[in-house]
Amino acid sequence: MGGAAIYAMSGKYRIATERTKFAMPETIIGYFNDAASSYWLSRLENNFGIYVGLTGNYVKGYDMKKSGLATHYIESRKLDELEQNLIRCESHADVEKVLAESSSDPPSLATELDEILPSINKCFGGVTMEEIFDNLENDDSEWAKDTLAVLKMKSPTSLKVSHRSFTTGKNMPLRDCLNMEMVLTINYCTDGSDAKEGVRAILIEKDLKPNWSRKSIYEVADEDVQRFFRPIPKKYELIFDEQLRIKL
């Protein structure tokens, strides 16, 4: 979940089992999707990453493989054997062979994701949060109604900041996405974001009644979003040495 989950996304091999769950729940507490989400989630097909980031909904192991969040699906009963086989690997080719032999396709039965993916692609392909809301409101399915209800519980400002980070990050290299998220982090900590109220309501007092600074996405002006993207003091910017810059 959250930053811990995204750390795995930078790995060449990402293994999920039938017991695995993935989620990026930052918008639940009025924060934005960080930890390189603007790079990894924005690049998933069918706007699935945007959907996962904005709603904070769980993704199960077999759906992680289908969506590209995981590279391999392996039954949990095989993990001990897999670990021992990986320990004996002496090359990348050995690793790939072991993973290929241990992995299996997710259950062939259609899952909920198969059913709703076309709707996710259509609704979350909106250029703005307002358009995403309009798409959901014009979709008469129960999924759309439930999804809209989930989004309306989130901080409107957080939703719009996260959405902009996705649409911006999709066209940037990883190092630039990390720098953008550093900018957002610093500004979130210093500019009266909804994160403090979200932590209070969801994690500390747990009354589940956050008092967001804006009551709907239609009240969030462009300048409300842009202030989180404004430049930060240079001493806080990320610095990459040449070797790391090449890798990123």
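A residue is called buried when its relative accessible area is under 20%, exposed when that area is over 50%, and partly exposed in between, using a 1.4 Å probe and protein chains only. By this scale lysine 12 is exposed, at 55% relative accessibility. This is a predicted model, in which local features need pLDDT of at least 70 and side-chain atom pairs count only at pLDDT 80 or more, while totals for chains, interfaces and linings use all residues. Residues are numbered from 1 along each chain as its sequence is written, and side-chain values use heavy atoms, with hydrogens and water left out.

**Nonpolar cores**

- A nonpolar core is a set of buried Ala, Val, Leu, Ile, Met, Phe, Trp, Tyr and Cys residues joined through side-chain atoms within 4.5 Å.
- The largest nonpolar core has 50 residues, and the members that touch the most others are Phe22, Phe48, Leu54, Leu69, Phe124, Leu136 and Trp143.
- Several helices each supply at least two residues of this core, including helix H1 (2-9), helix H3 (48-55), helix H7 (112-123) and helix H9 (142-153).
- Helices (H or I, at least four residues) and strands (E, at least two) are DSSP runs, numbered from the N terminus.
- Another core, of six residues, lies apart from the largest one, and its members include Leu82, Val95, Val98 and Leu99.
- Which residues are in contact with tryptophan 143, leaving aside its neighbours within four places in sequence? They are Tyr51, Ile116, Ser119, Ile120, Cys123, Phe124 and Leu136, where contact means heavy atoms within 4.5 Å.

**Salt bridges**

- Side chains of opposite charge can pair when their charged atoms come close.
- A salt bridge is defined as a side-chain nitrogen of Lys or Arg within 4 Å of a carboxyl oxygen of Asp or Glu, and the structure holds eleven of them.
- Glutamate 96 forms a salt bridge with lysine 12, with the closest N and O atoms 3.6 Å apart.
- This pair links distant parts of the chain, since glutamate 96 is in helix H6 (residues 92-102) and lysine 12 is in the loop between H1 and strand E1 (15-16), 84 residues apart.
- Glutamate 96 is partly exposed, with a relative accessible area of 39%.
- Arginine 200 and glutamate 197 also meet in a salt bridge, at 2.8 Å from N to O. Because they are three residues apart in helix H12 (residues 195-204), they are separated by about one helical turn.
- A network of salt bridges links Glu197, Arg200, Glu205 and Asp207.
- Glutamate 237 forms a salt bridge with lysine 234, and the closest N and O atoms are 3.6 Å apart. Glutamate 237 is partly exposed at 34%, whereas lysine 234 is exposed at 67%.

**Aromatic rings**

- Rings of Phe, Tyr and Trp (its six-membered ring) pair if their centres lie within 6.5 Å; planes under 30 degrees apart count as stacked, over 60 as edge-to-face and the rest as tilted.
- A search of the whole structure finds nine aromatic pairs. In one of them, phenylalanine 48 and tyrosine 51 have ring centres 5.9 Å apart and planes at 35°, so the pair is tilted.
- Phenylalanine 48 is buried, with a relative accessible area of 4%, and tyrosine 51 is buried at 9%.
- The rings of tyrosine 51 and tryptophan 143 have centres 6.2 Å apart and planes at 45°, so this pair is tilted. Tyrosine 51 lies in helix H3 and tryptophan 143 in helix H9, so the pair ties together parts that are 92 residues apart in sequence.
- Tyr31, Phe32, Tyr188 and Phe228 form one aromatic cluster.

**Charges over rings**

- A charge sits over a ring if NZ of Lys or CZ of Arg is within 6 Å of the ring centre and within 35 degrees of the ring normal.
- Lysine 21 lies over the face of tyrosine 58, at 5.3 Å from the ring centre.
- The charged end of arginine 164 sits over the ring of phenylalanine 229, 5.6 Å from its centre.

**Cysteines**

- With a disulfide taken as a pair of cysteine sulfur atoms within 2.5 Å, the count comes to zero.
- Cysteine 189 is in no disulfide, and the nearest cysteine sulfur, that of cysteine 177, is 19 Å away.
- Cysteine 189 is exposed, at 63% relative accessibility, whereas cysteine 123 is buried, at 1%.
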